[in-house]
Amino acid sequence: MNRCSPFLLIPLLLILSGCNESDSKKSNLEEPIDNTQEVADYYAAYPDFFQIRSLTDVPANLHWQDGSDLPEIGSPDAKKGGSEYVRIQDFPRTLRTVGPDSNGSFRRWILDDTAMSLGHRHPDLMDFFPGLATAWAVDAKTKTVFVKLDPDAHWSDGVAITADDYFFTFWLNRSPYITAPWYNNYYNTQFTGITKYSDYLIAVTIPELKPDTDAKVLGLSPLPRHFYRQVGSDFIERYQWRIAPTTGAYVIHEKDLKKGRSVRLSRNPQWWAGNKKQWRYRYNVDAINLTVIRDTPKEFEAFKRGDIDQISLNLAEYWHEKLPDNDPDVAAGYIEKKVFYNQKPRPPYGLWINTSQPMLDDLNIRLGIQSATHWQLVIDKFFRGDYQRLATANDGYGKFSHPSLKARQFDIKLALDYFAKAGFKQRNSKGILERSDGTRLSFTLSSGYESLKDVLTILKEEAAKAGLEYRIEVLDGTSGWKKVQEKQHDLHFSAFGYALELYPRFWETYHSSNAYDQAFDDLGNPNPDRKLKTQTNNLEAFAQYEMDQLINAYRRSSEEQEMVNLAHKMSEIHHANGSFVPGFYQGFFRMGHWRWVRYPENFSHKHASSATQLFVHWIDQDLKTQTQFAKQQGTAFAASVRVYDRFRN
């Protein structure tokens with residue numbers, strides 16, 4: 001419904017007033033802004049952070065690295081061209097990559113998996129190869145990483161990528177305009193300075209050395225200074241649907257953005273890195289058509305019709321039953337199935353408990369929820385035993401993951417004991433526990449995973465046996481994420497997509513500064529006037545003074561063993577708090593694709609998250625024509641169901 005249309009008996013004056021206000025706001029957003037002076041003044045106000053020096057000031061004894069010895073990603077057999085058709089569950093709420101609503105599932109298409117940073121970890125070896133840099137060197141004495149920028153690099157609109165873009169990246173990410181507390185904190189605390197030696201040589205200083213000191217700097221992705229000259233107090237609205245120039249292979253054109261329905265990504269024929277090692281055999285498809293299909297069953301129907309080219313088969317129902325090996329299209333070789341075992345930090349699928357909500361601030365209730373949540377039945381029944389139980393929220397980090405902590409098991413008696421301690425001792429006529437004043441033990445269990453809604457049903461039915469009521473709420477992915485970012489949830493079933501890093505992060509999810517505004521007083525006591533902080537990844541509203549001190553020490557530490565010990569201690573505290581119910585992890589990914597979608601011989605890489613993450617596949621148009629004709633004629637090919645278990649634990 002148009003926002004300016006009359007609804008019910010709204011006075012005409014109010015309708016006209018609302019429309020005029022909207023038109024005025026739109027007009028204001030179109031007024032030109034130039035922040036050139038503001039940005040320059042900011043640089044001048046922080047001379048120790050933003051420095052400009054001469055090339056003669058660069059240390060002479062630096063040991064430069066360039067990752068040139070790393071094996072190439074992708075296949076030289078890859079063919080450029082063709083169109084791919086892909087499902088997205090819901091339409092993005094913004095095209096911004098920072099600020100409210102920007103951290104949704106669509107971001108992978110415009111940032112996480114497509115944009116380039118200074119360097120990238122090799123998906124088999126963890127060492128870095130060049131992205132926007134050509135070489136880098138660490139000066140341990142000054143805790144500085146020197147970076148040579150690739151002079152060939154330019155934005156998708158043709159403008160060169162230079163040191164000025166990196167200077168500006170720090171300005172924007174430290175600015176209150178973006179309404180992004182995580183970015184503000186990270187860029188203010190995890191870097192102590194950036195120096196420009198020339199347009200193509202920069203140095204970034206960090207507070208402490210780390211086991212992988214270069215990682216933090218090489219992970220930087222620049223922002224186009226020329227595009228963001230109009231950033232000001234209305235940044236969120238002004239840049240809501242503006243299409244930013246990119247460093248990556250794919251661009252979005254205005255005509256290809258069909259709001260609410262679809263987005264088309266087009267391969268940039270002038271992509272500067274198209275012939276560079278580690279990039280030349282990737283991002284092969286000319287056009288990627290992303291269409292909103294909200295329901296997984298409808299996605300599967302579209303896949304079987306050939307309307308989309310490949311589909312995730314991680315769900316046991318689809319791998320074993322919907323598309324079994326004897327499916328006619330699989331048996332005839334038209335559709336191929338693959339499973340690939342990987343090794344990487346495991347996304348923490350589980351229940352995130354909002355401890356700021358009434359009753360959920362009670363440890364006994366949270367511990368009762370732990371024992372009343374039957375994840376093992378979910379694994380055995382819904383996932384057919386293919387998945388495994390998650391132990392903590394930070395599994396998959398090797399020595400940094402806790403070696404002995406285990407998730408609590410389903411135990412009705414233990415759950416009842418905890419609930420009784422919280423005053424819930426009597427069951428009502430429906431079997432749900434109540435306090436003497438009639439308060440029910442009932443919470444909303446929400447999720448943005450439409451395809452996993454049956455998981456919630458299992459958890460609800462089992463929890464009821466322990467007198468706990470779950471009110472199920474299934475949202476689309478964007479709405480679900482928005483709910484938890486606003487801290488409006490009770491319990492939310494979700495997971496973070498962890499980046500490929502050597503050690504876990506704790507500040508984002510467990511530091512009190514991401515839970516409350518001034519959580520504690522100077523003595524470490526809870527501040528009675530503290531206010532809940534939204535738009536952060538602390539989904540549990542976790543706030544413990546001891547944890548804050550450990551997190552601060554962890555971020556300062558440069559000794560690997562000290563970091564390992566601190567990580568274990570923090571995992572123990574988090575476990576004891578009972579605010580996260582570990583769910584499951586999958587040690588693999590599965591997919592099905594039509595025969596014309598091709599992959600390299602080894603299919604994927606050790607640390608890959610999904611088959612499509614690295615964009616090593618391509619569309620073989622000749623095979624597509626051949627396959628479609630064969631299907632019409634009833635001609636079969638050899639069936640292909642392959643298991644890649646080289647990296648299976």
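The model is predicted, so I kept to local features with pLDDT of at least 70 and to side-chain atom pairs at pLDDT 80 or more, while totals for chains, interfaces and linings use all residues. Residues are numbered from 1 along each chain as its sequence is written, and side-chain values use heavy atoms, without hydrogens and water.

**Entry: α11 and α13**

I looked up helix α11 (residues 363–372) and helix α13 (residues 412–421), which pack at about 165 degrees with their axes 8 Å apart. Axes here are lines fitted to C-alpha atoms, for helices over the stretch in contact, and angles run from 0 to 180 degrees between N-to-C directions. Helices are DSSP runs (H or I, at least four residues) and strands are too (E, at least two), numbered from the N terminus. So α11 and α13 are roughly antiparallel to each other. Who meets whom? I noted that residues of α11, including Ile 365 and Leu 367, meet residues of α13, among them Tyr 418 and Phe 419. Contact means heavy atoms within 4.5 Å. The residues of this contact divide into nine nonpolar, three polar and one charged.

**Entry: α17 and α18**

Next I checked helix α17 (residues 545–556) against helix α18 (residues 560–577): about 155 degrees, axes 10 Å apart. That makes α17 and α18 roughly antiparallel, therefore. On the α17 side I found Leu 550 and Tyr 554 among the contact residues, and on the α18 side Leu 566 and Met 570 are included. The contact of α17 with α18 holds ten nonpolar, one polar and two charged residues.

**Entry: rings**

I counted 66 aromatic pairs. Rings of Phe, Tyr and Trp (its six-membered ring) pair if their centres lie within 6.5 Å; planes under 30 degrees apart count as stacked, over 60 as edge-to-face and the rest as tilted. One of the pairs is Tyr 349 with Tyr 449, tilted, at 5.9 Å centre to centre and 50 degrees between the planes. Tyr 349 lies in strand β14 (residues 349–353) and Tyr 449 in the loop between β18 (442–447) and α14 (453–464), so the pair ties together parts 100 residues apart in sequence.

Methods
Parallel < 35°, antiparallel > 145°, perpendicular 65-115°, else oblique. Nonpolar A, V, L, I, M, F, W, Y, C, P; charged D, E, K, R; others polar.
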